[in-house]
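Dear colleague,

My notes on it follow below.

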Amino acid sequence: MSIQVEAITPLLKQYDLNLEYSEEISKKVVKVYTDNGSYALKKLAKNPNPYFIESYSILDQTKYAKYVPLVRNRSNQTISQMNGEYYYLMPWLTNETEEERDARHQYLFKEVAELHSRTERDVKLSSDAASHHYESFEKHLDETKIYYESFVEECEQKLYLSPFELQAVTYFIEVSRAIDFSKKKLTEWYEKMQEKESSRMVLTHGKISARHFLYDGEGKGYLANFEKSKYAAPIDDFLYFINRTAKTYPIPSDDCVNWFYTYQKGYPYTEEEMLLFFSYLSYPERICRLIKSYSPKNKSTELEKNRQLVKAYWQFKNIEYFVMKISEIEEKRKQEAQQAQEQ
């Protein structure tokens, strides 16, 4: 539900601000013009992330300053309440630059690397943490592949296949190989983790996007919208970004490869993090989820389900290109390092 106009004035009173006029940016964001400048008024989800407010304290403690701050109300709180809903207020940044898409993302991932670097924590692992994760994900991969195989076998017994079934059968070999690759990298990760007693965690943004990287009037960039932030593995932010960016028609994205290494220059993944990153990213989860949820009895959703499957395949191919490119680069680096040691 969008922000109600009648709620804006009393909300701003909590900040000792007087509304002059407002402009709806989206269902959850309103630009408010006040007697003390312009601000962004944002409505929070019904069940806000408990780490949201804490993340700003962590940013201050670690002296990371490239984020858009929250404005405190007259009660010195960063969250305000009105009619059972929660809101926060931020300074409005002009966000006007003439830079190209690549330059903006390069700047963005330099800042994400800096964010991760400053907020890094070492977390001691329990004796069975890696084993539990390995066994759980391996089981999921095996069960998914078996289910897909049985689905294809059933389809092959039919005289006529629905459009969805035909697409699913066509994609099976590629998806099967991707699952095998994911499992291979998971096994390599698990072998590396046998030597580890701890793992590093960072404050992840949770929703990395160029839309959440804003510029002030001087052209300086700042991260905004930490509503999904939490302490997690460093790979989580780029996993989200790639999965979201890949939701388009098939197109080789060398830009994403370049942005990935911009991040790596500032905060390189460890060997085990890279292996787990490959395992998660190469698993075609969206395709497999659609296969599991498909019902040939529901004819009314056939067209929509088929459309979703084609789009999931496009995403899969975009991610596959990225994974193969990064794999080639990492393998070449490993070989060069080995040759240097032997000389």
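**Surroundings of Asn 73**

Leaving aside residues up to four places away in sequence, Asn 73 touches Gln 14, Tyr 15, Ile 79 and Ser 80. Please keep in mind throughout that this is a predicted model. One of these neighbours, Ser 80, also takes part in a polar contact, in which its side chain meets the side chain of Asn 73 at 3.1 Å. Is Asn 73 buried or exposed? Its relative accessibility is 9%, and because buried means under 20%, Asn 73 counts as buried.

**The chain as a whole**

The protein chain holds ten helices and ten strands, and its C-alpha trace spans about 70 × 65 × 45 Å along the principal axes. Among the contacts in the protein chain with a separation of 6 or more, 75% are accounted for by residues 24 or more positions apart.

With regard to charge, the protein chain carries 48 positive and 53 negative side chains, and the centres of these two sets lie 4 Å apart.

Technical notes:
Residues numbered from 1 in each chain as written. Predicted model: local features only at pLDDT ≥ 70, side-chain atom pairs only at ≥ 80, totals over all residues. Heavy atoms only, no water. Buried < 20%, exposed > 50% of the residue type's maximum accessible area, 1.4 Å probe, protein only. Polar contact = N/O pair within 3.5 Å; in protein donor to acceptor, adjacent residues only side chain to side chain. Contact = heavy atoms within 4.5 Å. Helix = DSSP H or I, 4+ residues; strand = E, 2+ residues; numbered from the N terminus. Lys, Arg positive; Asp, Glu negative; His and termini not counted. Charge placed at Lys NZ, Arg CZ, Asp CG, Glu CD.
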